[in-house]
Amino acid sequence: MSTVVLLLFTGLGLGALYFLVAAGLSLIYGLMGVLNFAHGAFLTLGAFTGWEIARRTGADNWWTFLLSLLAGAVAGAVFAAFTEFVLIRRLYQRHIEQVLITVGLSLAAVALFDGIWGTDPVFIQGPAWFKETTEILGARIPNDRFICIIAAVLVLLALVFFLKNTRYGMIIRAGVENRSMVTALGIDVRKAFTLVFTIGGAAAGLGGVLASHYFGYVSPLLGGSLLIFAFIVTVIGGLGSLTGAAIAAVAVAVLQQFANFYLGGTGDFVVVLALALVLLFRPSGLLGRTS
């Protein structure tokens, strides 16, 4: 029983990281039709920014941790807004060029991070509470898992509130449903595009800081490794569906953890198999729109 509980909470913590990356991807594709392969770079920059804050101000207190979360989110948001404004804005409806420019930016960002922080992982420490565990039904759960879960739930609630109760949130929702109609109403959707990129980048940057504590290190390849599973989560959940991304993130991560433990480390294979089944029987994803 304790093993099942441990795997469940570990999966929920990993699912929280997947969601923080996939939420931005899903909104960006749902509104703009942009497959952003540079999204992992936003996460990595956020993680390194958080690590720099922790390294320079002392990593073992909660104020530093909260400051690193804020700095990571801001770094990811600024990088994402810059990417949309400078590179993506001129390439809407030009999907091949979008893929090429975002893949190129992702590779360039990794090379830049290599040059600044080196190719080896750098290790990070958080508040002393992170090193402790909490016992639930006989399982000793690392405390940092709870922080990831709480942060993802708060981000999900904040995004839902924003989308349902603010003017730009309603524009974004309408744009996801019917972008042509929104444009025909005279609404400048370019601001909404930039805002969605910024929100996605902030969530990815926040996820980067939390991922660094979850895994215990930061490396230039951290964002790329999480981006693969975030794409899988986005497709399984349904492109453009925030709720679908949340459900799929939990399902994928928990399935991955249980398969790794009970099926001889085949978690990645099982996740890819689940993706294939979804594409075969429900191509629009769990909560995606059917064409």
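Colleague: Hi! What should I know before I start?
Modeller: Residues are numbered from 1 along each chain as its sequence is written. The model is predicted, so local features need pLDDT of at least 70 and side-chain atom pairs count only at pLDDT 80 or more, while totals for chains, interfaces and linings use all residues.

Colleague: How far apart are the end C-alpha atoms of helix 1?
Modeller: They are 44 Å apart, which agrees with the 45 Å that its 31 residues (2-32) should span at 1.5 Å a residue. The expected span is 1.5 Å times one less than the number of residues, and helices are DSSP runs (H or I, at least four residues) numbered from the N terminus.

Colleague: And where does helix 1 bend?
Modeller: At Ala 22, by about 30°; that is the angle between axes fitted to the seven residues ending there and the seven starting there.

Colleague: What comes just after helix 1?
Modeller: Gly 33, with a positive phi of about 70°.

Colleague: New topic: how do helix 2 and helix 3 cross?
Modeller: The axes of helix 2 (residues 39-57) and helix 3 (residues 62-88) come within 8 Å and cross at roughly 145°. Axes here are lines fitted to C-alpha atoms over the stretch in contact, with angles from 0 to 180 degrees between N-to-C directions.

Colleague: Which residues make the contact?
Modeller: Among them are Leu 45 and Gly 46 of helix 2, and Ala 71 and Gly 72 of helix 3. Contact means heavy atoms within 4.5 Å.

Colleague: Is Thr 44 buried or exposed?
Modeller: Thr 44 is buried, with a relative accessible area of 1% (buried means under 20%, exposed over 50%, partly exposed in between, with a 1.4 Å probe and protein chains only).

Notes:
Heavy atoms only, no water. Helix = DSSP H or I, 4+ residues; strand = E, 2+ residues; numbered from the N terminus.
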